[in-house]
Amino acid sequence: MFRMKELREKRGLTQNGLAMKLNVSQSTISAYEVDERSPDLEMLVTIANFFNVSLDYLIGTSDVKQQITTSDLTPEELEHLYEYRQLSNMDKEKV
């Protein structure tokens with residue numbers, strides 16, 4: 001499955017080790033990783049929670065590992081974020 005193998009390897013887990021953590025078989029993990037089988041939504045959420053990443057990151061639609069909610073930020077941080085988002089891509093790279 002999209003980023004699961006990468007996340008598993010970064011944690012130093014084998015397929016069997018991850019399978020035991022998620023309460024599935026090693027063959028299920030293997031099938032997810034080679035895209036022979038897709039996990040249902042409940043399993044996707046379980047995997048994302050296990051690796052502490054967003055679903056979007058897990059499935060590859062975002063490079064942001066965790067979504068930030070506005071309640072996590074101070075008003076000053078929100079202002080900086082707003083200003084950053086107004087920058088061009090080249091200026092963002094400079095920052």
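How many helices and how many strands are there in the protein chain? The chain holds 7 helices and 0 strands. The model shown in these figures is predicted.

**Figure 1. The protein chain, element by element.** Read from the N terminus, the order of elements is α-α-α-α-α-α-α. The chain is more spread out than a compact globule, because its radius of gyration is 17 Å, well over the 12 Å that the globule rule gives for 95 residues. The C-alpha trace spans about 45 × 30 × 25 Å along its principal axes.

Figure 2. The accessible surface comes to about 6900 Å². Carbon and sulfur atoms account for 50% of that surface. Buried residues form 28% of the 95 residues. The side chains include 11 positive and 16 negative ones. The centres of the positive and negative sets lie 7 Å apart.

Figure 3. E33 belongs to helix α3, which covers residues 26–33. Is E33 buried or exposed? E33 counts as buried because its relative accessible area is 15%, and the cut-off for buried is under 20%. Its side chain makes a polar contact with the side chain of R8. The distance of that contact between E33 and R8 is 2.6 Å.

**Figure 4. S54 in the loop between α4 and α5.** Helix α4 covers 41–51 and helix α5 covers 55–59, with S54 in the loop between them. S54 is buried, at a relative accessible area of 10%. Which backbone atom does the side chain of S54 reach? The side chain of S54 reaches the backbone nitrogen of Y57, at 3.0 Å.

**Figure 5. S38 in the loop between α3 and α4.** This view turns to another serine, S38, placed in the loop that joins α3 and α4. S38 is exposed, because its relative accessible area is 58% and the cut-off for exposed is over 50%. Along the chain, S38 and T28 are 10 residues apart.

Terms used
Residues are numbered from 1 along each chain as its sequence is written. This is a predicted model: local features need pLDDT of at least 70, side-chain atom pairs count only at pLDDT 80 or more; totals for chains, interfaces and linings use all residues. Side-chain values use heavy atoms; hydrogens and water are left out. Helices (H or I, at least four residues) and strands (E, at least two) are DSSP runs, numbered from the N terminus. Buried means under 20% relative accessible area, exposed over 50%, partly exposed in between (1.4 Å probe, protein chains only). A polar contact is a pair of N or O atoms within 3.5 Å; within protein, one must be able to donate a hydrogen and the other to accept it, and residues adjacent in sequence count only if both atoms are side-chain atoms. The radius of gyration is taken over C-alpha atoms; the globule rule is 2.2 Å times the number of residues to the power 0.38. Accessible areas come from the Shrake-Rupley method with a 1.4 Å probe; for residues, only the protein chains shown count as cover. Lys and Arg count as positive and Asp and Glu as negative; His and the chain ends are not counted. The place of a charge is taken as NZ of Lys, CZ of Arg, CG of Asp or CD of Glu.
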